[in-house]
Amino acid sequence: MSDIRPQEAVERALALSRADDCIVIADESTTANLRWAGNTLTTNGVTRSSRLTVIALRRTGDGVAAGVVSRSAVGADGIEDLVRAAEADAAGNEAAEDAAPLIADGPAATGWDDPPAETGIGVFESVAPALGEAFAAAESAANRLYGFANHVQTSTYLGSSAGLRLRHDQPTGLLELNAKGAGGSAWAGVGTRDFADVDVPGLAAGLARRLDWGARRVDLPAGRYETILPPSAVADLMIYLYWSAGAQDAADGRTVFSAPGGGTRVGEKLASLPVSLSSDPAAPGLESAPFVVAHASSREASVFDNGLALGATDWITDGTLTSLAQTRHSAERTGLPLTPPIDNLSMTGPGGGAALEEMIARTERGLLLTCLWYIREVDPQSLLLTGLTRDGVYLVEDGEVVGAVNNFRFNESPVDLLSRLAEVGATAPTLPREWSDYFTRAAMPALRVPDFNMSTVSQAS
């Protein structure tokens, strides 16, 4: 931990700066966690961390050069060294391609002088007793529960030499529960802001049901199967699509969102059903920073955009691509509206959509997945992804789950998958299994795909 309050660190760094302009970001975090294995709580603890980022901007003959240095646990006596390091970095860099005037106004800076938000073991006060009951139930059924719960509270303070002062408190929580028994392995996970909405008994009961499904084993060959993807699996695919939807890369012809002959595919119909994909920093339960926080520049983010206000953005509207993630610089290049990335993602379909159980009941023969794992990109031009199924693939016949099948390796593009949708279920908050270390704020429906490509049988278990 630093020996100086984060907002004071911001002010001191700005005062010490000799650069033409300067942006400072202070992040103060506390993390609480619980872990369990074999129906027993094993560890718990609380950690603290801090990070200070200084962005020094130097005017050159042909633009503005940026220098960025970020360090952890910077004390009061280390701030000047950090500022000088950022200035030295700027002195050695050429003019930045994404240079733009600093944001001088933004959302009201509420609570700037207040202490950073904190979390602690108390955030689990309702979860821990419920886990104890779930352990007892699993023990009586000869099953074992494993998993962890994690809660992070991060306060971000953003200040600039243009007078900007912004603060955002971001709670991020998740719980992952894995059950093992004679019926194999089953997984469930949820994202949360405060654990008040986490239903441990419901999660445990769902896992026990799936272990019962796994009592019967059915081996199936590779092939294309009608497949129901639950919200978690859909989140993993749509988040990868979202991460790949940069306007600059699309305009440069590098991605699946590049138009043949130049430009982007914005305005093109992508989905066979009128699904929408959107982000909104004010989405209930999925709230995220209402302004840009960029610790470094990339093709989708710019340090010059720090403090830029964010609003609700539709990426896909009724099946048609409407926006791509970009900075002020790329918006000027592409001529498309300015739509910076936002730290949540939601997908909705036509009408209210059916519950997962209803979708299963309407299935004559098909597969029901639990989650996807080890997802990797094969071809950026088509966004072809490969990965594995994990923790339960089930065979559905005549509206009922009749057993567990072997795992598969899949090859699918989430963009191509959108063009082949047969049904979109009800949207609900969900936790992506693969990307939960990076992205937890998602709401997705289950999807029915008539011909999901299980390319090979996997020996993973």
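Biologist: Which strands do the ten bridges join, and in which sense do they run?

Modeller: Two strands pair if DSSP finds at least two bridges between them; helices (H or I, at least four residues) and strands (E, at least two) are DSSP runs, numbered from the N terminus. Here strand β2 (residues 40-60) and strand β3 (residues 63-72) run antiparallel, joined by ten bridges. Arg59 stands opposite Val64 in β3, and a hairpin of two residues links β2 to β3. This is a predicted model, in which local features need pLDDT of at least 70 and side-chain atom pairs count only at pLDDT 80 or more, while totals for chains, interfaces and linings use all residues. Residues are numbered from 1 along each chain as its sequence is written, and side-chain values use heavy atoms, with hydrogens and water left out.

Biologist: With which strands does β1 pair?

Modeller: β1 runs antiparallel to β2, to which 17 bridges join it; Thr31 stands opposite Thr47 in β2. The two form a hairpin with two residues between them, and Gly38 in the turn has a positive phi of about 55 degrees. β1 also pairs with strand β4 (residues 144-160) in the antiparallel sense, over 14 bridges. There, Ala26 has Tyr157 of β4 as its bridge partner.

Biologist: Why is strand β1 described as largely enclosed?

Modeller: Buried means under 20% relative accessible area, exposed over 50%, and partly exposed in between (1.4 Å probe, protein chains only). In strand β1 (residues 21-37), 14 of the 17 residues are buried, so the rest of the structure largely encloses it.

Biologist: Is helix α5 mostly covered or uncovered?

Modeller: Helix α5 is mostly covered, with twelve of its 13 residues buried; Pro231, Met238 and Tyr242 are among them.

Biologist: What does Leu367 touch?

Modeller: Contact means heavy atoms within 4.5 Å. Not counting residues up to four places away in sequence, Leu367 touches residues including Leu220, Tyr225, Val393, Phe408 and Met454.
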